[in-house]
Amino acid sequence: MTRKRTGGSLLARLQRRRTRRKASPFLIRERTLARRKHQCPFCHRHIEEGELEKNFFVCPECSHHFRLSPRERIRLLVDPDSFRETDRELTTLNPLDFPGYEEKIRRVMNITELGEAVVTGVGAIEGWEISLAVMSFQFMGGSMGSVVGEKIARAILAGVRLQLPVVVFTASGGARMQEGIFSLMQMAKTARAAGRLEEAGLPLFVVLTDPTMGGVTASFGMLGDVTLAEPGALIGFAGPRVLEGTIKEKLPDDFQRSEFLLHSGFIDRVVEREKLRSVLAFLLKAHTRPRLD
Amino acid sequence: MKKKKLQQKLQELLALAERDRIDIREEISRLREKITGDDDPAGRAWAKVLKAREPDRPTALDLIENMADSFLELHGDRAGGDDPALVGGIGLFNGEPVTFLGHQKGRNLKGNILRNYGMAHPEGYRKAHRLARQAEKFGRPVITLIDTPGAYPGIASERRGIAEAIAANLKLFSSLKVPVLTVIFGEGGSGGALGIGVGDRIFMLENAVYSVISPEGCASILLKNSDQAPAAAGLLKLTADDLLGFGIIDGIIPEPDGGAARDHPAAAAVIKEVLLRELAELRLLSPAQLIKNRSRRLAQIGSFSEPNGFLMEAAPGKWWNRLRETIVSRLPAITSPYGEQGEKETGREE
């Protein structure tokens with residue numbers, strides 16, 4: 001913790017302490033910041049209490065898309081009361097006996113009130129049933145370990161089993177280092193699941209949200225039949241810090257942002273959050289199939 | 001410090017032996033034991049990392065030349081580029097045609113500049129994709145040889161979609177209709193290795209390593225200090241022994257005395273023997289059986305618990321069917337907008 005700002009009134013100091021304690025690295029820091037200062041951390045526009053919630057957690061001025069927790073995402077996306085969560089009780093083990101991993105997981109579970117970095121289940125968008133997986137950057141940077149890989153694979157295979165289209169919202173820093181080679185292999189596992197969905201003739205829709213990096217981009221993240229992204233989301237393979245390390249200079253501002261990927265041809269559309277539901281509903285409607293026999 | 005001195009002494013001895021052609025194998029193994037004492041798993045793992053990176057280890061083309069009766073390299077991804085860091089082509093392997101793919105490092109600075117230290121760009125993975133499809137079309141088995149620090153992290157690489165190229169390969173290789181044999185013979189660096197690393201049989205040379213992140217990377221992120229790389233190497237469990245224990249690989253291929261770097265033909269001969277044996281087995285399987293086994297293999301990798309389901313560790317038994325049961329029984333009854341399709345077919349049995 002930096003101890004730069006130590007001055008101020010007692011109240012201010014207390015408030016700072018409270019937020020600091022709550023704002024673990026895994027919480028949605030930008031929003032904590034906005035709530036605390038009552039202004040958007042990017043354009044500094046004043047933000048009323050509850051204003052963000054009403055506006056899909058998007059800044060009304062600069063339309064910065066704040067990161068969402070899976071619950072918020074699901075609430076904004078699917079029809080009311082249509083979502084049923086699956087595989088909630090999957091918990092990770094510590095295959096490498098990585099020191100401190102179990103404690104870290106337990107701590108993050110308590111802070112985020114999530115079981116793992118992805119929530120999966122079945123729900124409906126404007127009446128169209130889907131198998132849905134929503135990742136959470138709050139939970140250890142959305143990193144993909146055994147549980148995340150397994151839940152995503154199961155969500156995709158549930159699509160095969162139940163003949164449903166699959167929608168995946170990604171948000172991840174990449175593979176989870178603490179699970180080593182097991183994390184890496186989740187890339188292959190989820191890619192195979194996507195292959196099976198394809199063989200079953202069912203669509204996979206991927207929505208890339210801020211940020212999606214590493215092993216998640218390089219597996220199911222880039223295997224969608226239609227790939228959408230939220231505006232301004234950081235999407236790539238190697239992280240900006242790694243890249244700056246190799247090229248020894250600063251990266252251009254829009255590098256690895258959704259709009260950049262749109263121009264280089266790796267995503268289909270950049271979709272604002274408030275239109276996401278109707279765009280997905282359109283896609284679901286467009287992918288109903290007549291029976292072949 | 002002490003270790004460094006020992007290592008220095010080892011290097012001196014090696015140089016001396018090289019010059020005078022004396023047999024000093026005994027001294028070497030004694031020193032090596034001292035360097036990598038059994039009480040120090042991190043030291044042992046780090047020694048393997050250094051060994052895997054030795055510049056005079058065989059490269060993919062060295063191995064292919066020594067293993068294949070003849071080999072014709074093929075170039076290009078048919079989308080605008082050719083990547084010298086990932087090579088491929090058709091070879092006759094004990095008289096039978098196979099497709100070889102492999103990461104190619106250089107032997108010296110000049111070679112490494114050409115080969116980009118074995119770090120492939122998207123073009124490399126797309127070339128592999130094309131050659132794997134070609135192999136599938138003509139029923140040739142695919143042999144992939146892995147030795148890369150990772151896919152290249154650069155601006156051009158990102159712009160041309162390295163993530164997409166790797167993702168496409170994962171999907172293709174996991175459902176390829178021909179046998180795929182994989183040997184990690186040096187560094188298995190994360191997604192860059194996995195990009196040609198999904199196969200029916202996966203082997204590692206005894207001094208190879210395979211990991212989700214380099215020890216240096218892990219150290220700088222988690223331990224906040226890149227000098228801690230040796231400690232990170234121990235934590236990451238990246239040696240062949242570790243991976244065999246996890247059930248991720250199928251076997252460890254022994255190297256000649258002093259490591260594969262000392263004798264390329266001998267190293268290649270052992271690899272060839274193992275690959276021929278496995279290939280003979282895999283040739284008996286139908287494409288559907290191959291894909292089924294490969295899918296199951298991938299689906300089984302993971303380490304988690306499910307309180308009212310089942311406990312799954314590295315390599316469980318036949319849980320796949322139970323898993324499917326679990327998925328379905330746990331879900332509520334759903335009326336599908338796709339009408340009767342829900343009841344019709346439950347997807348291909350695989």
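This is a predicted model: local features need pLDDT of at least 70, side-chain atom pairs count only at pLDDT 80 or more; totals for chains, interfaces and linings use all residues.
A residue is called buried if 20 or more other C-beta atoms lie within 10 Å of its own C-beta atom.

Chain B has 16 helices and 10 strands. Of its 350 residues, 45% count as buried. Among the contacts in chain B with a separation of 6 or more, 68% join residues 24 or more positions apart.

**Helix α8 of chain B**

In α8(B), 11 of the 12 residues are buried, so the helix is largely enclosed by the rest of the structure. The buried residues include B:Ile162, B:Ala165, B:Leu170 and B:Phe173.

**Helices α10 and α11 of chain B**

These two helices pack at an angle of about 100 degrees, with their axes 8 Å apart. They are therefore roughly perpendicular to each other, since angles of 65 to 115 degrees count as such. By class, their contact has 8 nonpolar, no polar and 1 charged residues. The table lists the residues that meet.

| Helix | Residue range | Residues in the contact |
|---|---|---|
| α10(B) | residues 215-222 | B:Pro215, B:Glu216, B:Cys218, B:Ala219 |
| α11(B) | residues 229-236 | B:Ala229, B:Ala231, B:Ala232, B:Ala233, B:Leu236 |

Notes. Residues are numbered from 1 along each chain as its sequence is written. Chains are lettered from A and ligands numbered from 1 in the order in which they are written. Helices (H or I, at least four residues) and strands (E, at least two) are DSSP runs, numbered from the N terminus. Two residues are in contact if their C-beta atoms, placed from the backbone, lie within 7 Å. Axes are lines fitted to C-alpha atoms, for helices over the stretch in contact, and angles run from 0 to 180 degrees between N-to-C directions. Angles under 35 degrees count as roughly parallel, over 145 as roughly antiparallel, 65 to 115 as roughly perpendicular and the rest as oblique. Ala, Val, Leu, Ile, Met, Phe, Trp, Tyr, Cys and Pro count as nonpolar, Asp, Glu, Lys and Arg as charged, and the others, Gly among them, as polar.
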